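The following exercises are to be worked through with the sequence and the structure at hand. Each task is followed by a solution in steps.

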Amino acid sequence: MSSSSSSISSKRNVEFQPENPCYCGLPSRVRTSRTKDNPGKKFRLCPNSMNEGPKCKFWEWLEPETPENEVNSGKDKKEPCNLTLKVSILENEISICKMKIEQENLVVRQEFEKFKWKLFTHKVVMIVLFLLFVFKK
């Protein structure tokens, strides 16, 4: 869609394409989609499609001016970059979680060692008391 073959109405900034007429033979009107699914995507329709009375059913999406492989390559370059960033963030979160787990394991091991030492000392005390009791008789 080159600007040399299209004319633009300055009143409503609507682009007409005489080289691409609708079913009525009128120059098709180029509009821009504002829907959630296709924001900013251009399409052609009949100028009579908005008028009251009989309406022309002509309507079609416009292809981007750049070759499709260029458009896709830009998208493909952006998406892997975005995915790479997401993977890096997740890897960082995993590293943080691993560090927290290691710290918690260290604390648990230290508490376990303290418990084992207390248990040992209690056993020793019990054995000593038992021996004192037995030999005291």
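**Exercise 1.** Does E60 count as buried, partly exposed or exposed?

*Solution.* The model is a predicted one, in which local features need pLDDT of at least 70 and side-chain atom pairs count only at pLDDT 80 or more, while totals for chains, interfaces and linings use all residues. Residues are numbered from 1 along each chain as its sequence is written, and side-chain values use heavy atoms, with hydrogens and water left out.

Step 1. Buried means under 20% relative accessible area, exposed means over 50%, and partly exposed lies in between (1.4 Å probe, protein chains only).
Step 2. The relative accessibility of E60 is 28%, so E60 is partly exposed.

**Exercise 2.** Determine which residue forms a salt bridge with E60, and which elements the pair ties together.

*Solution.* Step 1. A salt bridge requires a side-chain nitrogen of Lys or Arg within 4 Å of a carboxyl oxygen of Asp or Glu.
Step 1. The partner of E60 is R44, with the closest N and O atoms 2.1 Å apart.
Step 2. Strands (E, at least two residues) and helices (H or I, at least four) are DSSP runs, numbered from the N terminus.
Step 3. R44 has a relative accessible area of 11% and is therefore buried.

**Exercise 3.** Describe the salt bridge between K114 and E111.

*Solution.* Step 1. The N to O distance is 3.8 Å.
Step 1. Both residues lie in helix α1, three residues apart, about one turn of the helix.
Step 2. K114 is exposed because its relative accessibility is 52%, whereas E111, at 46%, is partly exposed.

**Exercise 4.** How many disulfides does the structure have?

*Solution.* Step 1. A disulfide is a covalent bond between the sulfur atoms of two cysteines. The rule applied here asks for a pair of cysteine sulfur atoms within 2.5 Å.
Step 1. By this rule the count is zero.
Step 2. As for individual cysteines, C46 is buried at 0% relative accessibility, and C97 is partly exposed at 44%.

**Exercise 5.** State how many helices and strands the chain has, and their order.

Step 1. Read from the N terminus, the order is β-β-β-β-β-α.
Step 2. Helix α1 covers residues 68–136 and includes F120.
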